[in-house]
Every structure is written in structure tokens, then in C-alpha cells.
Amino acid sequence: MKVLITGSNGLLGQHLIPVFVQNKTYDVIATGRGTNRSPQRDHYIYEAANLRDAGSVQQLVQKHQPDLIIHSGAMSQVDDCEKNKDACWDTNVGATRYLVNAAEKINASFIFLSTDFVFDGLSGPYDEEAPVNPINYYGTSKAAAERLVRNSKLSWAIVRTVLVYGVSNDPHRSNMITWVKNNLQQGKKIKVVDDQWRTPTLCQDLATGCLLLAEKKATGTFNISGSEVLTPYDMALKTAEYFQLDTSLIEKISSKSLAQPAARPAKTGLIIDKAVRELGYHPHTFAEGLDIVAAEIK
């Protein structure tokens, strides 16, 4: 079975590749922008592609004829999306449309990676049936892409996830764990919000969730995230304590004090009961996730 993974240079993409390669059921084709940055280089094909170009997408899909497309490529920096709305729409909605159209021509299955930011954060955590109501442009673009997938003729699954953390083979990318660790190790003070609630997701768990969806040929919308509701401040404290760093360097602040271009939903987080029940998905605890991240850093 051939699987095409988009966004393979991103945090999730770099973890999807080994999960599917090691399964041995799949021939993996990975695609991203520019050169291959995944630490795993063997037993799969990499092709650079511009997913914002319909012709490039059509050529890629026709050449490889995948049975399954996992679309994890996205513009996901929330403030960048707010400031560059055309680029955000082209990347998150346009590319999804081109991939869906190409997939329909060869009857490929489709897994689309979405986000908790399709919700307004007024009544989280959310289950799969909760109505979407995004409050920033990133969330708006992902909700629009979800509609494209849902209204397609494909066999599809939509995966919503939250605040993904892990280690990426890219010096320009960091996430909550590595950002806290690196700053505190250098003795720098950091400000972290304590009025946003999430269910942070270990990248390996999310990749495994995608594999479970593929193996079970599951369709519909699935929440795949961690199970613990934490604030970024909680995460920062737990990270500092794990790495035995100075917690007094962490200042608790409100999100309003940051004056960020894009609004953030206050309380999201996802209810994962459906994924546990139907897929056999069981995420690591945040403490276990820190163990795994620490081993990767070494």
C-alpha cells in the first residue's frame, strides 16, 4: 500500500515517516518544501513539491498513485497566518483543494490534519460533534479545509489535534518543551501564559494515531491529542522541574498582555474518547512525553 505524506519536513511529518516505514505494510512517499530534512533517509522516496501549485500536486499524485494521502503540510504559525492571510489561505485551503482533486482522480483515501483552533475556546474541551467557530485566521483556514475534505467524494478522515510537542530535525523550529529548556538553561527569564488550557500532544502519539486510522481504514472526524488539560504555564513548570532547571525564571502572565496579532481560544483541549474506543489510541502522559523528548534530545 502506497502512502503519500505531505509536510514531511515538519515536526509531525518527520515522525510520520518512521512510523509508516517501520510498519512494512506501506511504501512511503514523502514530500515537503526544499531539501529533505527528515533524520530518517532510508526505505522511502522523497520528492520536493509546491503544494500551492495545482499542476505540481497533480503531477506528484499521478506519478506515485498513492492509495492513501496524509496531508500534514500547513502554515501553522498562528500570528503569521493573521498577518499574511493570502499565503495562509493558499497553503491551508488551496493546497488541500488541489490534493483532494488529485486524490479523487485516483480514488485515494485521505487523512487531513486539523486543529483545536477551529473552536472559539468558550466551552472546551471539545468532542468531535462540537460546532466549529474559529476566532483567528489560522482556525478559519483549517475549518474551510475541513469542509473541502468532508464534502469530497473521498474516503476521508479528519484528525484534530492540540499543541504538538517533540523534537524536530530543524534548527529553526522549536516547540514548548525545547523553548522552555533552552531558555532556562541559558538563565533567561521567560513569560508564559496561564489563562489558556490545552491537551498537549506528543508528536509520536499523533503519528501513531494516524497509523491506527490507516490500519483500521477509519473514516470521519477523530480527536487525537493528549488526555491531560494543562496551561502553557503548567507545561513550562513541569518541563523545568523535569530538567532540574530554575522555575523562578518562569513568570506567569495573561494572554492579553502579549498583544499578539491573532486571538487565541482560551479553553480548548480535545475529548479523545472516540479515538480510544474505535482506534485503540492511548496517548502518553505529559510526564512520559518529557521522558521521550529528553531521550530524543540526547
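## Cores

A nonpolar core is a set of buried Ala, Val, Leu, Ile, Met, Phe, Trp, Tyr and Cys residues joined through side-chain atoms within 4.5 Å; buried means under 20% relative accessible area, exposed over 50%, and partly exposed in between, with a 1.4 Å probe and protein chains only. This is a predicted model, in which local features need pLDDT of at least 70 and side-chain atom pairs count only at pLDDT 80 or more, while totals for chains, interfaces and linings use all residues. Residues are numbered from 1 along each chain as its sequence is written, and side-chain values use heavy atoms, with hydrogens and water left out.

The largest nonpolar core has 34 residues, and Phe20, Leu213, Ile224 and Leu279 have the most contacts inside it. At least two residues of this core come from each of S1, helix H1 (11-23), S2, S4, S5, strand S6 (156-161), helix H7 (203-216) and helix H9 (273-279). Helices (H or I, at least four residues) and strands (E, at least two) are DSSP runs, numbered from the N terminus. H7 gives the largest share of the core, 8 residues. Not counting residues up to four places away in sequence, Phe20 touches Val3, Ile5, Tyr26, Val28, Ile70, Cys210, Leu211 and Ala214, where contact means heavy atoms within 4.5 Å. A second, separate core has 22 residues, including Ala108, Phe110, Ala145 and Trp156. In soluble globular proteins, nonpolar side chains tend to be buried together.

## The sheet

An open sheet is formed by 7 strands in the order S3-S2-S1-S4-S5-S6-S10, with parallel pairing. Two strands pair if DSSP finds at least two bridges between them. Strand S3 (45-48) and strand S10 (220-223) are the edge strands, each pairing on one side only. On average, neighbouring strands of this sheet are turned by 20° against each other, direction ignored.

Strand S4 (residues 68-71) and strand S5 (residues 109-115) run parallel and are joined by 4 bridges. Ile70 has Ile111 in S5 as its bridge partner.

## Helices on the sheet

Helix H2 (residues 54-64) packs on the sheet and touches strand S1 (2-6), strand S2 (27-32), S3 and S4; its direction makes about 160° with that of S3. Axes are lines fitted to C-alpha atoms, for helices over the stretch in contact, and angles run from 0 to 180 degrees between N-to-C directions. Ser56, Val57, Gln58, Leu60, Val61 and His64 are the buried residues of H2, and they pack against S1, S2, S3, S4 and H4. Just after H2, Gln65 has a positive phi of about 50°.

Helix H4 (residues 85-106) lies across S1, S4 and S5 and runs at about 175° to S4. H2 and H4 pack at an angle of about 35°, their axes 9 Å apart. The crossing of H2 and H4 is right-handed; a crossing is right-handed if the near helix is turned clockwise from the far one by less than a right angle, and left-handed if anticlockwise. On the H2 side the contact is made by Ala54, Val57, Gln58, Val61 and Gln62, and on the H4 side by Tyr98, Leu99, Ala102, Lys105 and Ile106.

## Helix H1

H1 is largely enclosed by the rest of the structure, because 11 of its 13 residues are buried. These buried residues are Leu11, Leu12, Gly13, Gln14, His15, Leu16, Ile17, Pro18, Val19, Phe20 and Val21. Just after H1, Lys24 takes a positive phi of about 70°.

## Asn175 and Met176

Asn175 is found in the loop between strand S7 (164-165) and helix H6 (176-185). With a relative accessible area of 12%, Asn175 is buried. Leaving aside neighbours within four places in sequence, Asn175 is in contact with Leu11, Val164, Tyr165, Gly166 and Val167.

Met176 is found in helix H6 and counts as buried at 17% relative accessibility. Its contacts, again leaving aside neighbours within four places in sequence, are Val192, Pro232, Met235 and Ala236. Met176 and Val192 are 16 residues apart in sequence and 9.9 Å apart in space, C-alpha to C-alpha.

## Cysteines

A search of the whole structure finds 0 disulfides, a disulfide being a pair of cysteine sulfur atoms within 2.5 Å. The closest cysteine sulfur to that of Cys88 is in Cys81, 3.4 Å away, which is too far for a bond. Cys88 is buried, at a relative accessible area of 0%.

Cys210 is in no disulfide, and the nearest cysteine sulfur, that of Cys203, is 9.3 Å away. Cys210 also counts as buried, at 0% relative accessibility.
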